[in-house]
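Subject: Structure handover

Hello,

Here is the structure I promised to pass on. Please open it first, then read the notes below it.

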Amino acid sequence: MEHVKYLILGAGPAGLAFARTLKDLGEDSFLILEKEKTAGGLCRSTIVDGSPFDMGGGHFLDVRRPAVVEFLFRFLPASEWELFERDSRIFFQGKTVSHPFEANIWQLDLESQKDYLVSIARAGCNRDEPVPERFVEWIRWKLGDKIAEDYMLPYNRKMFADELNELGTYWLDKLPSVSFEETLMSCLARRPYGTQPGHVSFYYPKKYGYGEVWLRIARSMEEHIRYHRQVRGIDFDKRSITVSSGERFGADRIITTIPWLEFEDKTGMPQQLADSLGLLKHSAVETRYVPENLDTGAQWIYLPDPEISCHRILIRHNFCPESRGYWMETRKERIGGYEGDKYHYMNEYAYPLNTIEKPQIMRRLLDFGKSRGVYGLGRWGEHVHYNSDAVVELAIEAAGRLV
């Protein structure tokens with residue numbers, strides 16, 4: 001059994017950033033196990049119709065974490081990225097409005113503006129009502145009934161789950177407050193007011209897909225990566241990993257960035273904890289290429305209409321030079337009715353779902369793992385919907401702490 005100080009499961013952004021930081025800190029006894037033939041995880045890219053296609057959906061480098069940007073620019077220099085100002089929109093009921101909806105209702109007709117302003121004024125958060133515990137009621141409390149019914153509830157059903165009350169509300173505090181005053185000011189001044197969403201400014205490679213930066217990080221330490229290694233089992237007592245080929249790997253510390261449900265065997269884990277992992281839920285999302293260009297300046301468009309299968313489209317020719325077409329993102333359960341043999345890819349693990357039971361399960365799981373030298377990291381290691389820039393930041397910090 002091969003043994004290293006640090007065994008890293010998964011060569012996505014979390015695993016690569018953690019491993020590269022180990023290397024930067026002078027640590028050389030580490031190994032990454034990756035089930036695919038290339039690195040990048042959800043941020044992998046391929047070439048479709050002569051241009052890059054991001055297999056895991058829309059991934060962009062947010063500018064808000066300068067240390068992360070600097071880290072990634074070491075491998076894909078700044079000269080190879082293009083800086084964009086975000087233009088994302090929502091299409092519903094035959095109308096188009098910029099995102100976020102509540103900051104841009106001034107783009108609608110006067111009658112619609114009045115209706116949404118009245119609804120926001122009556123929202124529970126603007127009337128000092130108690131915070132609800134159920135997801136659907138929370139959305140109404142936060143945004144008002146009309147935005148909830150026209151946009152937020154149908155969109156979230158399409159993206160996450162048909163039964164939204166399976167989700168908790170503990171993760172929603174990060175959403176900006178929707179004050180009546182700010183919404184009114186945006187209508188009067190005809191410009192957005194209030195807190196803007198992430199990726200207001202973002203980088204995207206000039207010649208490649210987003211997956212290129214992860215390939216280059218992987219190449220910088222290629223000797224430390226084993227591809228085509230599907231993890232099957234973990235032994236917490238012996239701190240070892242078994243892969244599909246039958247090989248075993250041991251380590252002083254194991255860092256897992258892969259979904260916990262991928263472990264078919266979990267030797268040494270209490271049975272009650274192992275059984276609780278079945279309550280962790282996630283969504284699977286298909287990305288599908290469409291070759292036609294769209295007459296819009298938006299980089300992506302949200303589609304809350306339940307009659308449209310996909311929940312978002314990424315307009316490739318508006319952020320990837322000399323390309324054409326767009327790709328659709330559709331939750332696995334909603335796929336159907338697509339014609340033609342266009343390129344498509346299924347991401348079985350796309351988004352962790354913030355179910356009511358998740359915080360307690362993950363707290364027990366991560367505490368148990370840490371007590372045995374096994375650490376969860378990133379979107380799947382922690383079962384949290386992190387963007388790639390947040391994942392890199394967490395990985396750099398985690399490697400620094402452990403070393």
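Which residue takes a positive phi in the hairpin of E12 and E13? Gly-246 does, with a phi near 100°. That hairpin has four residues between the strands.

First, the ground rules. This is a predicted model, where local features need pLDDT of at least 70, side-chain atom pairs count only at pLDDT 80 or more, and totals for chains, interfaces and linings use all residues. Residues are numbered from 1 along each chain as its sequence is written, and side-chain values use heavy atoms, with hydrogens and water left out. Helices (H or I, at least four residues) and strands (E, at least two) are DSSP runs, numbered from the N terminus. Two strands pair if DSSP finds at least two bridges between them.

**Around E13**

Strand E13 covers residues 248–256. Strand E1 (residues 2–9) pairs with E13 in the parallel sense, over seven bridges. There, His-3 has Gly-250 as its bridge partner. E12 runs antiparallel to E13, and three bridges join them. Ser-240 stands opposite Gly-250 in E13. Strand E20 (residues 374–376) also pairs with E13, parallel, over three bridges. Thr-256 has Gly-376 in E20 as its bridge partner.

**Around E11**

E11 is mostly covered, with four of its five residues buried (under 20% relative accessible area with a 1.4 Å probe, protein chains only; exposed is over 50%, partly exposed in between). Four bridges join E11 to E12, and the two run antiparallel. Gly-233 stands opposite Thr-242 in E12. The hairpin of E11 and E12 has four residues between the strands, and Arg-239 takes a positive phi near 50° there. E11 pairs with strand E14 (residues 265–267) in the parallel sense, over three bridges. In E14, Asp-265 is the bridge partner of Gly-233.

**The open sheet**

Seven strands form an open sheet with mixed pairing, in the order E8-E7-E16-E17-E18-E15-E19. E8 (95–98) and E19 (344–352) each have a single partner strand, so one side of each is left without a neighbour in the sheet. The twist averages 25° from one strand to the next. Six bridges join E15 (residues 282–290) to E18 (residues 326–331), and these run antiparallel. Val-290 stands opposite Tyr-326 in E18. Helix H5 (residues 145–159) packs on the sheet, touching strands including E7, E15 and E18; contact means heavy atoms within 4.5 Å. The direction of H5 makes about 80° with that of E18. Axes are lines fitted to C-alpha atoms, for helices over the stretch in contact, and angles run from 0 to 180 degrees between N-to-C directions.

**Aromatic rings**

Rings of Phe, Tyr and Trp (its six-membered ring) pair if their centres lie within 6.5 Å; planes under 30 degrees apart count as stacked, over 60 as edge-to-face and the rest as tilted. The count comes to 29 aromatic pairs. Phe-160 and Trp-171 have ring centres 6.3 Å apart and planes at 80°, so the pair is edge-to-face. Phe-160 is buried, with a relative accessible area of 11%. The rings of Phe-236 and Phe-368 have centres 5.0 Å apart and planes at 55°, so that pair is tilted. It links distant parts of the chain: Phe-236 lies in the loop between E11 and E12, and Phe-368 in helix H9 (residues 358–371), 132 residues apart. Phe-236 is buried at 2% relative accessible area, and Phe-368 is buried at 11%.

Best wishes
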